[in-house]
Every structure is written in C-alpha cells, then in structure tokens.
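Let's walk through this model together, moving from a pair of strands to a pocket and then to a helix. Keep the structure open and follow along.

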Amino acid sequence: MDISELFTILSFDQKDIVCINARKGHLVDDEAKLSSVVLIKSGQVEVKSSNGTLLQLLNSGSVYGVSNLFDDEKLQTRLCCLEDSVLVFVSKDVFRNKLLENKGAIKLYCSFLNSRLSFLLSRIDLLTQSSSREKVRLYLLNSSLEFSSRTQLASYLGIARSALFKELKYFEELGAIETKGH
C-alpha cells in the first residue's frame with residue numbers, strides 16, 4: 001500500500017481539501033499552505049532545505065507534510081514545482097483527526113514513517129561521506145531516484161557539478177556505468 005492511498009482511505013469531504021493547479025516554477029510555500037499535508041496528484045515537485053540543498057523529488061502520488069503530522073513546528077523546507085502540477089492540500093488538523101479514527105490508516109502511516117526513517121538514514125550516510133567519489137558511488141549503488149539533470153543530482157549529493165562530472169567520467173572509464181547524452 002502506498003502513502004497516497006491514505007487520501008482514499010480517509011475519504012475527505014470536498015470542504016476538507018483545496019486543489020490547485022500550479023505552474024512550473026511555482027513556490028508552494030509562498031502560499032503559506034505548508035501547515036497542510038500535500039498530495040502531488042500530478043507533476044513533479046522538488047523539496048529543498050533552507051540553504052538550497054535538494055532533499056527530495058516528489059512525483060505524482062507522493063505526499064509531503066505527513067512526517068511531522070503530530071508536530072506543530074513547520075518544516076524548514078521549500079517546495080518548487082519543476083513542471084505544471086496538480087496539488088491537493090488537507091490541513092494537518094483534519095488529516096490527523098481522520099487518521100486517528102481509522103486503525104488501518106494508522107498502520108499504513110506507521111509503515112510510511114519507518115520507510116522515511118530508512119530514507120533519512122541513507123541520506124545522512126550519503127551526505128556525511130567526505131569524498132565526492134564515495135557520494136556518487138553510494139548514489140549509484142543504492143538510489144532508485146532519477147534526476148532530469150546532472151545539476152539536480154549534484155545538488156542532491158551536495159557536491160559541485162564539476163565534481164559530479166569528474167566522478168561520473170571516472171565510473172564510466174571503469175566500465176561501472178554507461179552514460180548517453182546528458
């Protein structure tokens with residue numbers, strides 16, 4: 001089961017949701033809606049830290065804002081649409097109340113939190129590596145994320161683009177990877 005299925009399981013009333021069509025480049029947090037849970041119904045959204053490091057790419061079916069559902073502190077991240085997107089917002093209060101009424105949904109939510117913890121531990125491992133080569137190696141071995149540009153990948157790894165290009169060339173010369181075009 002996927003975390004986006006919570007939206008179906010919890011069956012929100014129309015009055016509980018706000019749906020927006022966001023254009024490419026739209027900064028979601030500019031709308032001060034981040035005290036909501038956000039379902040990416042279509043499109044792609046990047047999550048960046050306050051210093052601009054790419055933390056995650058959210059695609060259709062991804063959900064943002066559930067990791068801190070029971071904490072009133074706002075996440076210190078910025079969301080930006082990489083393409084035209086449809087976003088569904090539900091206030092955290094409404095989401096929390098509906099979730100607490102459904103044991104099956106709570107189990108799914110806990111499973112999701114466990115997967116987020118695993119993701120965060122792997123990100124910490126990746127970002128604490130001292131060498132660019134090791135960061136690229138770990139990404140190549142362990143990540144299922146695909147990026148539309150090397151600039152995005154470099155930001156995700158926390159390294160300069162030139163370092164990324166150098167390391168990709170190194171792995172290609174070893175025969176470990178094959179690159180085509182960009």
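Valine 47 stands opposite glutamine 56, a residue of β4. The strands here are DSSP runs of E with at least two residues, while helices are runs of H or I with at least four, all numbered from the N terminus. Before going further, note that this is a predicted model, in which local features need pLDDT of at least 70 and side-chain atom pairs count only at pLDDT 80 or more, whereas totals for chains, interfaces and linings use all residues. Residues are numbered from 1 along each chain as its sequence is written, and side-chain values use heavy atoms, with hydrogens and water left out.

Now look at how β3 sits among its neighbours. Five bridges join β3 to β4, and the two run antiparallel; strands pair if DSSP finds at least two bridges between them. The β3 and β4 hairpin has four residues between the strands, and there glycine 52 takes a positive phi near 95°. Strand β6 (residues 77-81) is also antiparallel to β3 and joined to it by five bridges, with cysteine 81 in β6 as the bridge partner of valine 45. Five of the six residues of β3 are buried, so this strand is largely enclosed by the rest of the structure. Buried means under 20% relative accessible area, exposed over 50%, and partly exposed in between (1.4 Å probe, protein chains only).

Glutamine 44 belongs to β3 (residues 44-49). Why does glutamine 44 count as buried? Because its relative accessibility is 14%. Its side chain joins that of asparagine 59 through a polar contact of 2.9 Å. Such a contact is a pair of N or O atoms within 3.5 Å; within protein, one must be able to donate a hydrogen and the other to accept it, and residues adjacent in sequence count only if both atoms are side-chain atoms.

Next, turn to the largest pocket. Its lining has 25 residues, and Gln56, Ser67, Arg116, Phe119 and Leu120 lie nearest its centre. A pocket is an open set of points on a 1 Å grid over the protein atoms alone, where a 1.4 Å probe fits, with protein on both sides within 12 Å along at least five of seven lines; lining residues have an atom within 4 Å of a point. Helix α3 (103-127) is among the elements that each supply at least two lining residues, and α3 gives the most, with nine.

Finally, find lysine 92 in helix α2 (residues 92-100). Lysine 92 counts as buried because its relative accessibility is 9%, and its side chain makes a polar contact of 2.5 Å with the side chain of asparagine 68.
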